[in-house]
Amino acid sequence: MSHPDLIAHVLGTSRFVDDLPEPAGLLHASAVTSPLPHARLIGLDPAPALASPGVVAVLTAADIPGTNQIGGIVQDEELLATAAVHFVGQPVAVVVADTPHRARLGARACALELEALPAVFDPREAAARGDLITAQRMLECGDVDAAWADCEVIVEGRADTAGQEHLYLETQAAMAIPEEGGRIRIFSSTQAPTAVQRIAARVLGLPMNMLEVEVTRLGGAFGGKEDQATPWAVMAALAARRTGRPVKLVLSRHEDMVCTGKRHPYSSDFKLGLAGDGRIIAYEARLWQNAGAAADLSPAILERSMFHATGAYRVPNARIHAASCRTNLPPFTAFRGFGAPQAMFVIEAAIDRAAEVTGIPRTVIQARNLLDEGDPFPYGMRVERARARRSWDEAVALADLETLQREVAAANAAEPWRKRGVAVMPVCFGISFTNTTLNQAGALVHVYTDGSVSVSTGAVEMGQGVSAKILAVASATLGLPAERIRLESTTTRTVANTSPTAASSGADMNGRATELACRAIGDRLLSVAAERLDAPFADLSIADGVVTVAGRPSELGWDELVRTAYSRRVNLSAHAHYATPGIWYDREAERGEPFAYHVFGTAVLEVTVDCLRGTYVVDRVRIAHDGGRSLAPEVDRGQLEGGLVQGLGWMTMEELVFSHGRNLSDTLSTYKIPDLPSTPVIDGRFLADADNPKAVLRSKAIGEPPFMYGIGVYFALLDALRAFRPDRPGVYDAPLTPEKALLFLHADR
Ligand code: LUZ
Ligand code: MOS
């Protein structure tokens, strides 16, 4: 099944929020934002804005009828700042005007009176001052203190990763339309329609049933619209409520890059102890998460960092300290991988350092410690259906690693200024929201009397292809070609109380709910068929739109069956709810089984560095990935390749630079993302016979895990750099830009 949006995207007929037909009387909103990273807010004079052409209203916190609070996990974030501002780009007021341009001019005319306060940007410094978002956490297994004595080698070091801009193609966008009786309908570019509904209700002081939030599709999200689509949608709703007119708010690229959160930068310390043969005995890490100015999703992201701190490895004694540190930067937020990539980079750095110190090759240490069946994770859960070693072996065989390493060594010996490097990156990623409550989804299925079918779920299509997968599930379950089925837009009116489409679990959970709803209708239809055909219910099924008896097609087709069922007053609609079974987590004990299952895979990555210039190319990546039994193989391949490329962008070229809290990399000329020339040759293979009893139709989640293959590029680059400078110890400070590579090669001489 290919992506259902394919043709519409190519033709340009697919609609995003900013493409919706504009209702009569539409106004446009623009936020007045803080120019300082931390300041006391003394006053705001709306007069110049109100005098600006086309401006209809200037709204501040005083205009909020409900509660000026948009925080989810921690209630620490105002929609519109009152006493103080805490980051550059923080919204203080909303200017509403007749055109987007005039709204922006009005916002610029607003006079903010600010008194600068001292600001903190470094997470370690914030932690030293005790400025934490939530209490520090510690996940521990085995006896770390005692285990050091058993280690033959102990290495220590520091590893840092910078943030990452989501750069979804569609910027944050919303349109709010006042309806009869004070109801407000919001179109939002959100991954979390229910969150927008809940927070809009809180801010407007309305019950949730007075708000409907609808999403047709997003032009990418990557986590950036899990929490951070909300404020813009709520501002549009507030403006609609206050003016009584429809209001649209669409961020420009520049506004989006300045005002919205990104991937969290982390700074970490590691200590790794090994036996003489490279077996890992003990690991201790301290993760300092730069949370920015508000909690947003940071505590949940920190939790996933802890769970993934030991990567794809068996670590019998581990202690992971984790702190979420408040700084004066935009609140950092969800981004594909959700804290796991940052933590995995740290253990990969520790293994790299251990390889350097012991002389045991990196790949040997990695392979020796891969997770096997039954191994415990530090949070207590045990590995089931382990595919770490299998994916490792398949990727290594695909790349013929030994021969490759020999060739690379020979080439490096022959070429003084061009060095090649190789690395292997195994990934193990837990599937489920770590917050157990969020692991639920719903679906609503209608069969109409002409036999056509409509499916609604809580899943948001953001280009990731969840709609293809849900259609595949509905088609397989009903036994009806996908052309007869329409997937509806996602709205809080059809499926309520939804979790964000996130955590790679959109298809897993909403697909399962779809399966349950389709099965309920299918069973009712088969009861009708049993009567019509005078055949036992158990012998009947539907395939390709025809009822089969003991596997053989009957003369009863889908359309006639539906008509018959309707005339016999059989319910042709079903709603179903799915809650992932068997998962739990106890935060007091830091123990549990937070994940339904894990995704495994391994990448072998090759690079070439120009050691005169520090520039490099990622030549080739081979991947053996555990994709389960795919619901949509083309979609999964897209996710595999796209995830890898996004991950290598984070590791190499995407350089987020702040100067005194101001984002200097706030345009596409100063922030570089991977393009086609920077994309390697990718040979991605899915493990054969790798089905998964824990997800819908034995599939596996795909969205996030491939991102982390990109981490391998960092270590392949280090491998190449060391071929030129075998005397220099590795540095672990991503992204490893060409500038940093050049400094590594030449700065000290
Ligand atoms: N969002 C969330 C996520 O709220 N909880 C999670 O565990 C998660 N994991 C990955 C991506 N988004
Ligand atoms: Mo998330 S990082 O929105 O899956």
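1. Contacts of Ser489. In this predicted model, Ser489 touches Glu214, Val215 and Thr216, once its neighbours within four places in sequence are set aside. Ser489 sits in a loop, with strand E19 (485-487) on one side and strand E20 (490-491) on the other. Its relative accessibility is 16%, so Ser489 counts as buried, the limit being under 20%. The contact with Glu214 involves both side chains: they make a polar contact at 2.8 Å.

2. The network around Glu214. Glu214 also belongs to a salt-bridge network. Bridges with shared partners join Glu179, Arg183, Arg185, Glu212, Glu214 and Arg493 into one network. Glu214 is therefore a partner of Ser489 in a polar contact and a member of this network, under the rule that a salt bridge needs a side-chain nitrogen of Lys or Arg within 4 Å of a carboxyl oxygen of Asp or Glu.

3. Salt bridges in total. Side chains of opposite charge can pair when their charged atoms come close. The count for this model is 56 salt bridges.

4. Arg137 and Glu590. These two residues form a salt bridge, with 2.9 Å between the closest N and O atoms. Arg137 is in strand E7 (residues 137-141), while Glu590 is in the loop between strand E25 (584-586) and strand E26 (591-593); the pair therefore ties together parts that are 453 residues apart in sequence. Are the two residues buried or exposed? Both Arg137 and Glu590 are buried.

5. Asp269 and Arg124. This salt bridge also has its closest N and O atoms 2.9 Å apart. It links distant parts of the chain, with Asp269 in strand E13 (residues 266-274) and Arg124 in helix H4 (residues 123-128), 145 residues apart. Asp269 has a relative accessible area of 24% and so is partly exposed.

6. Asp683 and Arg685. Here the closest N and O atoms of the salt bridge are 2.8 Å apart. Asp683 is partly exposed because its relative accessibility is 22%. Arg685, with a relative accessible area of 42%, is partly exposed as well.

7. Domain layout. The domain assignment divides the chain into domain 1 (6-118 + 166-259), domain 2 (266-434 + 587-746) and domain 3 (440-579). The centres of domain 1 and domain 2, taken over C-alpha atoms, lie 35 Å apart.

8. Extent of the interface between domain 1 and domain 2. The size of an interface is often given as the accessible area lost when the parts come together. For domain 1 and domain 2 the buried area is about 2,200 Å², of which 61% is on carbon and sulfur atoms. On the domain 1 side, Ile73, Phe222 and Met257 lose the most area to domain 2, and together they make up 23% of what that side buries. In terms of contacts, 22 residues of domain 1 meet 30 residues of domain 2.

9. What is the make-up of the domain 1 side that touches domain 2? Its residues divide into eleven nonpolar, seven polar and four charged. Ten residue pairs are in polar contact between the two domains, counting pairs with both residues at pLDDT 80 or more. The count of salt bridges between domain 1 and domain 2 is one.

10. Arg326 and Asp76. The side chains of these residues meet in a salt bridge, at 3.1 Å from N to O.

Conventions
Residues numbered from 1 in each chain as written. Chains lettered and ligands numbered in written order. Predicted model: local features only at pLDDT ≥ 70, side-chain atom pairs only at ≥ 80, totals over all residues. Heavy atoms only, no water. Helix = DSSP H or I, 4+ residues; strand = E, 2+ residues; numbered from the N terminus. Buried < 20%, exposed > 50% of the residue type's maximum accessible area, 1.4 Å probe, protein only. Domains from an automatic or database assignment. Contact = heavy atoms within 4.5 Å. Buried area = accessible area lost by both parts, 1.4 Å probe. Polar contact = N/O pair within 3.5 Å; in protein donor to acceptor, adjacent residues only side chain to side chain. Nonpolar A, V, L, I, M, F, W, Y, C, P; charged D, E, K, R; others polar.
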